[in-house]
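This report walks through one model, from single residues to the sheet and its helices. Please keep the sequence and the 3D view open while reading.

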Amino acid sequence: MFKKILIANRGEIACRVMRTARSMGIATVAVYSEADKDARHATLADEAVCIGAPSSRESYLAMDKIVAACRQTGADAVHPGYGFLSENADFRRRLDEEGIVFIGPTAAAIDAMGDKIASKKLALGAGVNAIPGHNDAITSASQAVKIARDIGYPVMIKASAGGGGKGCGWRRTTPSAARATRPAAAKR
């Protein structure tokens, strides 16, 4: 069991992790940006470390600062919460290299689930039900139209990367399927 965990997040998710850890007798460390110094998660933890400027890039996404906060406080594990570094395989690998436990999936699992095509193939290989469709990259409008006709309309065309549903949309006709590949590919 861990003696002390650092929660590499803020807000309600950090507070929930802290309450659960406390109920298990585990000490907690909050990290916070300068803008969050009076935030509930920063005051609820047993210890709190300022990790930088208000910008997430300079604080909650700064791996070096999270590792330094672990070293400073003696935290033996990191709970990432969700968002920020929770789905960053490089962060997981960095913690592994530093001998700090990451409370979450392996780097390989994060890599696999971060790639929509690879994750769907992994799920299908494990016997998980998935929406039928094309499970490889589509490289041209003509290929998209052929696949859409084979599947049958309506279809959903989704960029395999890009985040937040950008490039995702339903198409009900051949002309709209052809047009959909341009913005989807551009948003990858």
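Alanine 42 is buried, at a relative accessible area of 10%. Here buried means under 20% relative accessible area, exposed means over 50%, and partly exposed lies in between (1.4 Å probe, protein chains only). The residue belongs to helix H2 (residues 40-44). Helices (H or I, at least four residues) and strands (E, at least two) are DSSP runs, numbered from the N terminus. The model is predicted: local features need pLDDT of at least 70, side-chain atom pairs count only at pLDDT 80 or more, and totals for chains, interfaces and linings use all residues. Residues are numbered from 1 along each chain as its sequence is written, and side-chain values use heavy atoms, with hydrogens and water left out.

Residues up to four places away in sequence aside, alanine 42 touches Ala30, Tyr32, Asp36, Lys37 and Ala48. Contact means heavy atoms within 4.5 Å. Cysteine 15 is 27 residues from alanine 42 along the chain, and their C-alpha atoms are separated by 8.8 Å.

## Alanine 48 in strand E3

Alanine 48 sits in strand E3 (residues 47-50). Its relative accessibility is 36%, so alanine 48 counts as partly exposed. Neighbours within four places in sequence aside, alanine 48 is in contact with Ala30, Tyr32 and Ala42. Valine 31 is 17 residues away from alanine 48 along the chain, with 5.6 Å between the two C-alpha atoms.

## The sheet

Five strands make an open sheet with parallel pairing, in the order E3-E2-E1-E4-E5. E3 and strand E5 (101-102) are the edges; each has a single partner strand, so one side of each is left without a neighbour in the sheet. Two strands count as paired if DSSP finds at least two bridges between them.

E2 and E3 are parallel and share four bridges. Valine 31 has valine 49 as its bridge partner in E3. Strand E2 is mostly covered, with five of its six residues buried.

Which residues of strand E1 (residues 4-7) are buried on each side? Lys4 and Leu6 are buried on one side, Ile5 and Ile7 on the other, so that both faces are covered.

E1 runs parallel to strand E2 (residues 27-32), joined by four bridges. Lysine 4 stands opposite alanine 27 in E2, and leucine 6 stands opposite valine 29 in E2. E1 also pairs with strand E4 (residues 77-79), again in the parallel sense, over three bridges. On that side, leucine 6 has valine 78 as its bridge partner in E4, and isoleucine 7 has histidine 79.

## Helix H1 and the crossover

The path from E1 to E2 goes through helix H1 (residues 11-23), and this β-α-β crossover is right-handed. A crossover is right-handed if, with the strands pointing away from the viewer, the path from the first strand over the helix to the second runs clockwise.

H1 lies across E1, E2 and E4 and runs at about 170° to E1. Axes are lines fitted to C-alpha atoms, for helices over the stretch in contact, and angles run from 0 to 180 degrees between N-to-C directions.

Threonine 73 is in helix H3. It is buried, with a relative accessible area of 9%. Residues up to four places away in sequence aside, threonine 73 touches Lys4, Val29, Glu47 and Val49.

How do H3 and H4 pack, and at what angle? Helix H3 (residues 63-73) packs on helix H4 (residues 89-98) at about 35°, and their axes are 11 Å apart. The H3 residues Met63, Asp64, Ile66, Val67 and Arg71 meet Asp90, Phe91, Arg94, Leu95 and Glu98 of H4. Five of these contact residues are nonpolar, five are charged and none is polar. Ala, Val, Leu, Ile, Met, Phe, Trp, Tyr, Cys and Pro count as nonpolar, Asp, Glu, Lys and Arg as charged, and the others, Gly among them, as polar.
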